[in-house]
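Please find below a colleague's note on the structure, written for a reader who is new to it.

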Amino acid sequence: MDEKIKLPEDAFQPVGKDDKLDDEKIAAPSRTFLQDAWHRLKENKAAFISMWILIIIALFAFTSPITAPNPNSANPDYANLPPKIPGVNINGFNGTSIQGGQRVDQYKANNVPESKHFILGTDYLGRSLGQRILHGTMISLLIGLFATLIDLLIGVGYGIISAWKGGVVDLVMQRIIEIMQSIPNIVIMVLLLLVIKGGILPIILAIAINEWTTMARLTRAQTLQLKSQEYVLAAQTLGESSGKIAMKHLLPNLSSVIIIQTMFTIPAAIFFEAFLSYIGIGIQAPIASLGTLINDGQRNFQFLPFQMWYPAIVLAIIMIAFNILADGLRDAFDPRTSRH
Amino acid sequence: MVKYLARRIFYLILTMFLIASVTFFLMKLMPGTPLNNQAKLTASQIHTIYQQYGLDKPLWQQYVTYIVNAVQGNFGTSFQFSNQAVSYLIGSRIGPSAIIGAQGMILGVILGICTGSLSAIRKNTWVDGTANIISILGLSIPSFVFAILLQYYFGLKLQLFPVAGWGGFASTILPTIALAASPFATTSRFVRTEMVDVMGSDYIELARAKGLSRFGIVFHHALRNSLIPLVTVIGPLAVGIMTGSMVVENIFSIPGIGEQFVKSILVNDYPTIMGVTLLYSGLLCLVLLITDIVYGIIDPRIRLSGKGE
Amino acid sequence: MDAEKNILEVQDLTINFHTYAGTVQAIRNVNFHLKKGETLAIVGESGSGKTVTTKTIMGLLANNAEVAKGTVKFHGKDILEMSEKELQAIRGRDIAEIFQDPMTSLDPTMRIGRQIAEPLMVHKGFSKSKAEKQALEMLKLVGITNAEERVNDYPHQFSGGMRQRIVIAIALVCYPEILIADEPTTALDVTIQAQILDLMKELQEKISTSIIFITHDLGVVASMADRVAVMYAGKIVEYGTVDEIFYNPQHPYTWGLLNSMPTLDTAKGQLEPIPGTPPDLLEPPVGDAFAARNPYAMKIDEEQEPPFFKVSDTHYAATWLLHPDAPAVEPPAEVVRRQKIYQERLSAGTINQGHIHSKGNTAFAGADDDDAIGE
Ligand SMILES: Nc1ncnc2c1ncn2[C@@H]1O[C@H](COP(=O)(O)OP(=O)(O)OP(=O)(O)O)[C@@H](O)[C@H]1O
Ligand SMILES: [Mg+2]
């Protein structure tokens, strides 16, 4: 250990304060919490891909009034045509299907003009399945988004008020939630839909009304926690109004909880829409939603499986993507990784 | 503990009463009557039917009668099957629903526990990845799609199980699997999260430091601690089973409550709808109560503070 | 008993963690040894690698850890080469550990009697009833009153201090040769801290175990340790007997630590924390890692890592200040005061140099300079 070490002459010069190594350099550029979360989300490949898939699906769906203007135009001559993509000759996409043990070109058999083709085939009324799926996706997404929006407004408001007022108000409001949660949500939705029948709005309402309780609970818990924090207390003593405090301090802090819960609520809402439409009390014909399309398709599943497969696949992809994205967001916001 | 129980039971009764009342008035708001399905009746026939259902009396009287009857388990007569009591209708259909519901729940939860804990123990390996994909699929694929696919491929094509209908254990297999998907996915994800949390805790580190084997750590410490909180999701799981049974029973033509419920909804059979609504709500309340009690029994921390109450 | 035999020898230990941000060089070329029956304290700021060192000895490193170099020899056998099975046989039986936070280190759903009995069932093959009987004895030994009734209680029914006693009972139930105590009192309040430390000393004598005592609080070390190793940024920068470190410190970092430690004299409010923060171990600086915070830093500190310079047979420090060519510097006043005491005691012959004091801290027994050590 005591080996002779050759050292330069000035080795033992003391180092002045200024040219000292600066170890307190900040290694990475400082980021806000949201930027940090966004960064972590981008690193989660599955979640990031899911996000893009959803964006693309949404683009296709919401442009469908232009790109697919006739989802409801029926033509009995074209009923139940299999998918046909011009120039592609793979069974399943070339307009042929097996009939009586033989592969038959259904487009020829039904005298469909050469120029006419349906990429995803047609349904039992001869409506283009592709157009109907685009349209149905749009309706399903709309219902999911609006139901979630309402759910968000009610849930967050309810949660903040309940936590902020505290005392008896809180107690009563929590009891109400408890009662709401001890009724199976499907029952609430069915009852509501029986009273306010049909149409998109009642469905949105019905779904929103039974989903808000979770949001309210999470918001309340988070608010309670924040309420005891110093800067909120300070704001309170300085005489800021409750509403202002909520807008300025609470909402930003609640944002991660809200965003995560929203991402879980949207697929739940889409699922319930599909479910209600499937059992026949949701969207009414001729409007398409993914649920009604699956319901229509399953009747012929044995012979024309594509009629159910396509809408079902679209629905499943949307649900999967939302769930993976929600998981990813939860992990991104809570790097310590998720508890609920 | 007794006081706590008494309070819980009081709330249960209050909840049920509220649900019954709300249901009643909602139904009164509704346009349909038993006559919707039988067109062209004479005035006197209509009068007889109204009398039969007590629809000629004032609203409050109908309400009191309804509540009094409901308490006695009498929900009136079905509109659809005009001479069948709702309670009888429900009673005759509850068996199949209970069987596939319970089977689906048990299968789903047990499989979910296995996959969830395996996935947590082998965190970030291919086992975890596969389990994750399966549970996301289980969460994302609606039960009606899953049921139809099961029916088509395993029933119709491979002919392994009966396609539909009720009779014998074999006929319950596909519906059970279809119902199990959702509790499986939920349980699996829940257990994984809990277990990952537990596995990272100090007491697991201490168990390692004691020289316990992997097996010993998982079985003596990790499992119990991560499964106790699972009790809290049994309620939501039960709701999932009820929801699922509505479509699954329909698809597999099982003469159960769910199938009847959907039928009743489609023909505006209000007495039956109300009956099933109360049944489902009562069941959920009961499940929530029981899980609460069970939670208190199996978690030592709550068990003792419960004593103090 | 061969008191001078090393039961544990750590050589050139270098451990990296692979993280998303890069490779964290948590432990760099660490050497130390542990003799039978002695207490070695490892002292250092948060993040200096103390816990990682203990985890290595237990064979409980995180998944993302890589042992880049080095050996950890327990009775001559390298722990780093052992299979998981062999490690399991050692953990809890030969080497046991007490964790920092007693509130979280007990399984909340298992009766404490069973938790204490577990190591006996695993390592000694005791039946459940026999193990639990011995667990009860252990519980009495660590000073839980009413032990017979309390063996069947759950952790949440005990206070923090009592839980730490239970954790100690678990660690000692198999009479391990080495007890690793990773900041065992940090989470407790001061009076309880003293009780726990006393208990550890008492038990150490009873079952003659060696202790590796991890702490960032030099004050605790004085009453516990025979030897002290000071760690900074993943390296040991100075080691020696407790007297040597307390009264004749050589490394500026040790000076800083002593200067920031409250004693009866300094309690009047002249505590001087070491300015600055430890370096980022993702990219440890070249030269002496402490240079940036070192008021005595020299040019060489920023260019070349200092080797260990020998102060006495038992005392080494890695600082260029000890190089024969280095200029003499004036250490902080507190250190100068201590070094004066050292000189006095050296001539009086009451300094412990090199050998282990067998009973407690005899060196301090009659000392009126106890106050210099602080609490
Ligand atoms: N699993 C890990 N992955 C990445 N880095 C790690 C890991 N474990 C420890 N480290 C890093 O290793 C360094 C040493 O950590 P260690 O826990 O040993 O510090 P310590 O001296 O015990 O501190 P404290 O007094 O806070 O307990 C730290 O910089 C820490 O960030
Ligand atoms: Mg540590």
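This is a predicted model: local features need pLDDT of at least 70, side-chain atom pairs count only at pLDDT 80 or more; totals for chains, interfaces and linings use all residues.

1. Five cavities of 30 Å³ or more are present in the structure, and the largest cavity holds about 50 Å³ of space.

2. The largest cavity is lined by residues of chains B and C, among them L206(B), A209(B), V167(C) and I170(C). At least two lining residues each come from helix 8 (202–209) of chain B, strand 6 (95–98) of chain C and helix 6 (160–172) of chain C. Helix 6 of chain C contributes the most, with three residues. By type, the lining comprises six nonpolar, one polar and two charged residues.

3. Over all chains, the structure contains 28 salt bridges. In chain A, R330(A) pairs with D327(A), with the closest N and O atoms 3.4 Å apart. Both residues lie in helix 12 (residues 306–333) of chain A, about one turn of the helix apart, and both are buried.

4. In chain B, R93(B) forms a salt bridge with E259(B), at 2.9 Å between the closest N and O atoms. R93(B) belongs to helix 4 and E259(B) to helix 11 of chain B, so the pair ties together parts 166 residues apart in sequence. R93(B) is buried at 12% relative accessible area, and E259(B) is buried at 11%.

5. A salt bridge also joins R192(B) and D128(B) (2.9 Å, N to O). Because R192(B) lies in helix 7 and D128(B) in helix 5 of chain B, this pair ties together parts 64 residues apart in sequence. D128(B) is buried, with a relative accessible area of 4%.

6. Salt bridges with shared partners link E205(B), R208(B), K55(C) and E97(C) into one network. E97(C) is also one of the residues lining the largest cavity.

Definitions and conventions. Residues are numbered from 1 along each chain as its sequence is written. Chains are lettered from A and ligands numbered from 1 in the order in which they are written. Side-chain values use heavy atoms; hydrogens and water are left out. On a 1 Å grid over the protein atoms alone, a cavity is a set of points where a 1.4 Å probe fits but cannot get out, and a pocket is an open set with protein on both sides within 12 Å along at least five of seven lines; lining residues have an atom within 4 Å of a point. Grid points are joined across faces, edges and corners, and a volume is the space filled by probe spheres set on the points. Helices (H or I, at least four residues) and strands (E, at least two) are DSSP runs, numbered from the N terminus. Ala, Val, Leu, Ile, Met, Phe, Trp, Tyr, Cys and Pro count as nonpolar, Asp, Glu, Lys and Arg as charged, and the others, Gly among them, as polar. A salt bridge is a side-chain nitrogen of Lys or Arg within 4 Å of a carboxyl oxygen of Asp or Glu. Buried means under 20% relative accessible area, exposed over 50%, partly exposed in between (1.4 Å probe, protein chains only).
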